[in-house]
Amino acid sequence: MKQAMTPEEIKEQKPYLDWSLSEAEYDYIRTQLLGRLPNYTETGLFAAMWSEHCSYKKSKSVLRLFPNKNERVLQGPGEGAGVVDIDDGQAVVFKAESHNHPTTVEPYQGAATGIGGILRDIFSMGARPIASLDSLHFGELTDPLMRMKVEATVRGIGDYGNCMGIPTVAGEITFDSCYQGNLLCNAMSVGLMDQKDIQQGRAAGIGNAVMYVGAKTGRDGIHGATFASTDFSDENETQRSAVQVGDPFMEKLLLEACLDLITKHPAWLVGIQDMGAAGIVSSSAEMASEGKSGMELNLDLVPQREPHMSAYEIMLSESQERMLLCVKKGNEEDVKKIFDLYGLEAVTIGRITAGHDYVLFHDGEEVCHLPVASLTDDVLEEESMERKPARIEEAEKQSAWEPHITNIESTLADLLQQPTIADKASLYRQYDSQVRTNTVVGPGSDAGVIRIRGTKKGLAMTTDGNGRFVYLNPEVGGQMALVEAAANIIASGAQPLAITDCLNYGDPNDPEIFWELHQSVQGMADACREFNTPVISGNVSLYNENNGRAIHPTPMVGMVGLIKNIDRVIPSFVQHPSDKVYLVGKTRDDFAGSELQKMMIGGISGVVKPFDLSHTHDYMKRLLAVMETVHVASAHDLSEGGLGVALAEMLFHTDLGLDLTLPMINADQFFSESPGRFVVTVPERAMAEFEATLAGDAVLIGEVTNSHWLEAKLANGEVNANVCELQKKWEEAIPCQLKLKD
Amino acid sequence: MLPGGFSYGDYLRAGAIARFTNIMPAIIKMANAGKPVFGTCNGFQILTEAGLLPGALKRNDNQRFICRTIPLEVVNNQTIFTTQYCSRERIALPIAHADGSYYADEETLDRLEANNQVVFRYAAENPNGSLQNIAGITNERGNVLGMMPHPERAVEAILGSVDGLRLFKSLLENGKVRTEA
């Protein structure tokens with residue numbers, strides 16, 4: 001097909017500006033990389049491959065701050081997903097990815113294809129996905145459009161994951177007006193595999209085949225990658241053509257066919273990669289780059305769903321449920337037979353060539369001839385300006401906000417009805433959390449827990465991010481995100497292994513936003529080093545803005561932990577009357593960015609105070625050690641709503657109560673959100689060892705009772721709350737706001 | 001045994017495509033020969049689509065997928081699938097479906113009740129709008145059982161419940177299935 005514009009017209013009319021390729025980049029490509037004018041197809045490929053989504057050109061300098069190796073990491077960032085050794089020749093594979101822009105525009109398909117994309121990243125590594133998680137941040141439910149988006153997002157995740165037969169076992173859902181025009185939908189997938197089956201996205205070996213498998217290519221999702229690399233405004237609210245459409249049954253077939261090939265016929269396969277953002281071009285160019293190879297593709301052979309697609313459209317389509325394979329020469333028919341069995345297409349569309357050129361033919365003509373590296377490695381890294389926001393300078397000068405709570409019980413009841421704290425069962429019950437029958441702990445706890453059949457091992461997993469703390473203090477907020485995830489993992493009785501992340505921020509061209517990115521990544525990286533939990537995968541989602549208003553900087557931490565003995569999983573709710581109750585960690589006046597502050601003054605302000613990271617890690621290690629040696633009955637980490645909310649949550653769905661004496665905690669501090677704290681219940685016989693191990697960092701505060709009342713004597717007041725009434729309010733808040741009937 | 005799980009993506013209608021698969025004539029033959037046939041969730045949907053069980057399963061009345069453990073009553077403990085349960089016993093089993101609202105015309109419902117073909121009923125609340133709280137039924141002969149709840153998800157204490165185990169033990173007890181040596 002003829003090119004839509006001549007190279008000269010491109011130079012004159014600059015269509016690439018609409019695809020988010022800058023004039024400086026275009027000139028660099030033209031003069032430094034090619035020494036000629038790129039044609040229409042080539043320009044489109046550059047725009048996609050050089051987008052932030054594919055190249056990380058803006059964030060690369062910051063991402064280098066993350067540690068990504070330790071003694072267990074088998075594969076760090078750069079492949080479909082990261083891989084961690086979990087002993088016995090097994091490995092856990094995981095990654096999180098954002099689908100914020102598509103989900104904002106078309107919540108159902110955006111969320112569904114977010115799940116689909118992250119699952120392919122997992123099975124392209126040779127692993128079977130065993131669990132999904134999500135991290136959703138919505139605007140306030142008072143907006144009817146937002147209520148519709150919440151319902152559609154949840155339905156999209158459920159319909160795709162349920163149909164695939166992969167349980168959704170944990171996640172988080174928060175609400176804040178900063179996400180009103182740009183919601184966040186981050187999905188995480190966890191897979192299990194034998195280490196011997198680890199695959200790579202590489203293409204090598206002259207003459208080997210490049211095979212296209214899975215669904216046909218249509219015009220959906222063209223320029224999704226560049227779409228994710230620009231700001232939202234009301235004008236492009238209607239960019240629906242950039243959103244893909246999912247087919248979970250096709251994905252299920254693709255999953256089984258790929259795993260068949262990988263586990264039974266590893267000798268036929270050189271490499272495999274998901275066709276994700278920027279479709280064929282990114283998967284093929286990245287595989288060629290990884291294998292240091294040249295590649296030649298004939299686009300006429302690409303299975304197509306629509307007639308008359310141009311080379312540009314074929315290469316940039318983000319149609320779902322497709323994979324690219326590099327197959328040894330001579331095994332093409334063997335591979336085809338496997339995919340035939342599942343009714344899937346498997347077509348040889350090109351070959352590995354000598355040299356390092358990336359060459360495309362379409363309608364018998366050469367439409368692209370570029371050095372592979374120009375697409376993948378020569379991207380102009382952008383230096384960004386950064387500046388500490390005035391709001392933070394300002395806040396540092398002001399005195400701290402104090403809540404002055406008079407009625408503790410009504411404050412607790414009100415907090416339990418805040419959408420971010422309230423029960424999410426009406427939403428997560430739409431996800432199948434039990435399919436595959438390995439789910440030991442499902443949604444609604446600190447972390448989801450999956451057992452590994454045939455072993456005593458289990459995996460705990462969680463997603464955590466709190467944009468409010470990061471907004472007020474990016475560095476400390478970044479540390480808190482990691483500590484919160486580690487606390488959830490440890491509260492389940494698991495050893496934190498590693499993390500994946502989604503870095504959700506506004507427009508990085510704004511120096512204040514780049515500063516937030518830099519500072520918070522620094523905070524996360526420091527905490528990752530402290531906890532020995534390297535970053536093994538993840539993604540960056542910038543330009544989360546609507547009409548010039550950025551979201552709170554919201555880094556999401558997805559953490560996986562290893563449980564040595566699955567029979568020793570620690571529940572997050574109280575177990576037996578007379579068990580002793582301990583508060584672990586230090587409670588301070590931490591109200592800046594808290595749920596309490598948002599509820600009382602309708603917004604957040606102040607300074608989030610630094611905390612002692614290494615001391616926090618030290619006692620968390622001791623807590624885990626004591627959980628592994630003595631019988632700890634239950635443990636729950638303290639997060640939104642602080643101690644008061646955590647205590648109530650530990651009683652819900654039980655018929656027990658608590659009788660507590662807390663002379664060191666006043667009414668305000670009952671709801672403070674100091675990081676790294678736990679409530680732990682311990683049988684009397686284990687008290688001595690527990691106290692000896694956690695000396696100085698745990699304080700006995702009372703015991704579990706038979707009464708189903710929450711009773712606590714604070715420094716300046718008392719709580720005597722009927723747990724049934726609290727639970728009812730907590731359960732009904734979200735269905736009531738969504739007008740859902742369960 | 002027809003398990004759950006979105007056969008053919010539930011496209012068109014849950015179970016509607018699966019009933020045309022190559023294995024179905026053999027299953028129908030087995031059912032007609034009086035051999036035990038058990039379908040849970042999508043399996044139940046396939047059995048109704050194939051005409052091995054009466055009625056149909058419609059979209060849940062809240063229009064949503066529901067995954068949770070709910071109480072059931074064992075209405076008929078005289079089937080080959082339920083002899084290890086007590087009559088009127090309350091058990092808890094997980095449900096996980098979007099299309100589980102049992103529907104049949106009045107005449108069929110009357111016949112089901114008269115013949116004791118209703119085996120399980122939702123006990124405390126009806127999660128999906130099923131008529132007469134029906135959660136599981138057999139055919140007239142009693143050798144084909146379809147149910148929306150998942151007994152196979154409730155066979156190990158570590159996963160939260162063992163209330164489903166006795167369904168499979170009943171089949172063993174009645175000599176309908178054999179364990180592998």
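**Chain contact and helix packing in the predicted model**

The contact takes 20 residues from chain A and 17 residues from chain B, two residues being in contact if their C-beta atoms, placed from the backbone, lie within 7 Å. On the side of chain B that touches chain A, β3 (66-74) and β4 (90-97) each supply at least two residues; β3(B) gives the most, with three residues. By class, this side of chain B has 10 nonpolar, three polar and four charged residues. Nonpolar covers Ala, Val, Leu, Ile, Met, Phe, Trp, Tyr, Cys and Pro, charged covers Asp, Glu, Lys and Arg, and polar covers the others, Gly among them.

This is a predicted model, in which local features need pLDDT of at least 70, side-chain atom pairs count only at pLDDT 80 or more, and totals for chains, interfaces and linings use all residues. Residues are numbered from 1 along each chain as its sequence is written, and chains are lettered from A and ligands numbered from 1 in the order in which they are written.

Within helix α16 of chain A (residues 408-416), the residues A:Ile408, A:Thr411, A:Leu412, A:Leu415 and A:Leu416 are buried (20 or more other C-beta atoms within 10 Å of the residue's own, C-beta atoms being placed from the backbone). They lie on the same side of α16(A) because they cover an arc of only 130° around the axis, taken from the directions from the helix axis to the C-beta atoms. Their cover includes α21 (595-601), α23 (642-651), β27 (709-714), β28 (717-722) and α25 (723-738) of chain A. Helices (H or I, at least four residues) and strands (E, at least two) are DSSP runs, numbered from the N terminus.

How values were computed
A residue is buried if 20 or more other C-beta atoms lie within 10 Å of its own, exposed if 12 or fewer, and partly exposed in between; C-beta atoms are placed from the backbone.
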